[in-house]
Amino acid sequence: MRQTRSAKHAFARPAGFTAIAALGMTLLLAGCGSDYPLGEEQRKAAESNKSTLQGTLTGGGSSAQNSAMNAWTTAFSSQHPKVQVQYASVGSGAGRAGFLASGTEFAGSDAFLKDEEIARSIETCGPQGAINIPAYISPITIAFNLPGIKELNMDAKTIARIFSGEIRSWQDPAIAKLNPEVELPELPVTGVARADDSGTTENFTEYLHTVAPEAWPHEPDGGWSDATGLEKAQGNAGVVTTVTRAEGAVTYADDSLVDDSLGKVKLKVGDDFVAVTGEAAAAAVAESHRVEGRNEHDISLELDRKTTAEGAYPMVLVSYLLFCSSYQDPQTVELIKTFGQYVVSDEGQKVAADSAKSAPMPQNLAEDARVAIDSISVRP
């Protein structure tokens, strides 16, 4: 199933102008102050480092990428102390809007640009438009707060019924049937969804719509319908914090934000229940293939949400870096290519895995990403 982004606005989106303005202000504030924002160690590294690369890159978007991005920018700055990479974790929707409006040099997004966004990107990025480069692979966790319970089995239909508001008790027969050995508490189910336009939401709803369309007939999208009656919070961190504070609460979130204080759902895949791990997410991504009809260097992936491959966890997101295929400024091209190559390198992927529990990209996908980044050029 293609990782689609519906053109139907079935869910509300934040106003584009507000999102771009917020992104710009965040990056403006981030850019104020010292030439060495990481402190004395960065200053010392700059004085001894022989790298001649210098300048500033601005980006924003995916909150799922934020932990990895912090690790990437810190490690990159140690190698190139005179470069500042600023990233605002404002959500995928705001990140795409800022990038397409020329507010940033790159963006992070948990869903690839749809066809109409690619068409719009020509104005910003030149005749070849923007390209989508996979950079971060992570499972989406169903996290819950039930005292004494750290693991539950669920299938797509049951998850869909919970987040549509149909299942309202943790003792519902559908949950009990999948967990016969668990003493479920007499607590109401309090679902928590994202308030912002989110790639995590888009991937999550695409999984539900693909695997359990009768229970989740809504088209995938980055916003959340108010009709479900769920509580809402801002960003991956916001929904996790909300659930941590309320017994009986449940949410969906990037696994990197969920610690041991919450329980996690094992997902039914084929005849098995698969636990959330980076390796299981990578196994699902290995079943994917490229979206057809795109720029030869665009690596938008169609994920097989219905895979029954052993050990695969298909409720996964592939988060992208969005770059222009060309930039007018040669220095920007050098900065983008050097930073992008670091992110998809073995070292960069390990740094992300260590800091954010993400799955390193399969080697063939990482090699395709390196070739694509190398193709970025100076616009005539």
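Gly165 sits in the loop that runs between helices α6 (156-163) and α7 (173-178); helices here are DSSP runs of H or I with at least four residues, strands are E runs of at least two, and both are numbered from the N terminus. The model is a predicted one, so local features need pLDDT of at least 70 and side-chain atom pairs count only at pLDDT 80 or more, while totals for chains, interfaces and linings use all residues. Residues are numbered from 1 along each chain as its sequence is written, and side-chain values use heavy atoms, with hydrogens and water left out.

Gly165 counts as buried because its relative accessibility is 10% (buried means under 20% relative accessible area, exposed over 50%, partly exposed in between, with a 1.4 Å probe and protein chains only). Setting aside neighbours within four places in sequence, Gly165 is in contact (heavy atoms within 4.5 Å) with Thr228 and Leu230. Leu230 is 65 residues away in sequence, yet the C-alpha atoms of Gly165 and Leu230 are 7.1 Å apart.

Now for the cores. A nonpolar core is a set of buried Ala, Val, Leu, Ile, Met, Phe, Trp, Tyr and Cys residues joined through side-chain atoms within 4.5 Å. The largest one has 97 residues, and Trp72, Phe106, Phe163, Phe204 and Phe323 have the most contacts inside it. Strand β4 (residues 130-144) gives the most to this core, nine residues. Another core, of 10 residues, lies apart from it and includes Ala233 and Val258.

Finally, Cys125 and Cys324 form a disulfide with sulfur atoms 2.0 Å apart (the cut-off is within 2.5 Å). This pair ties helix α5 (residues 115-125) to strand β13 (residues 316-324), 199 residues apart.
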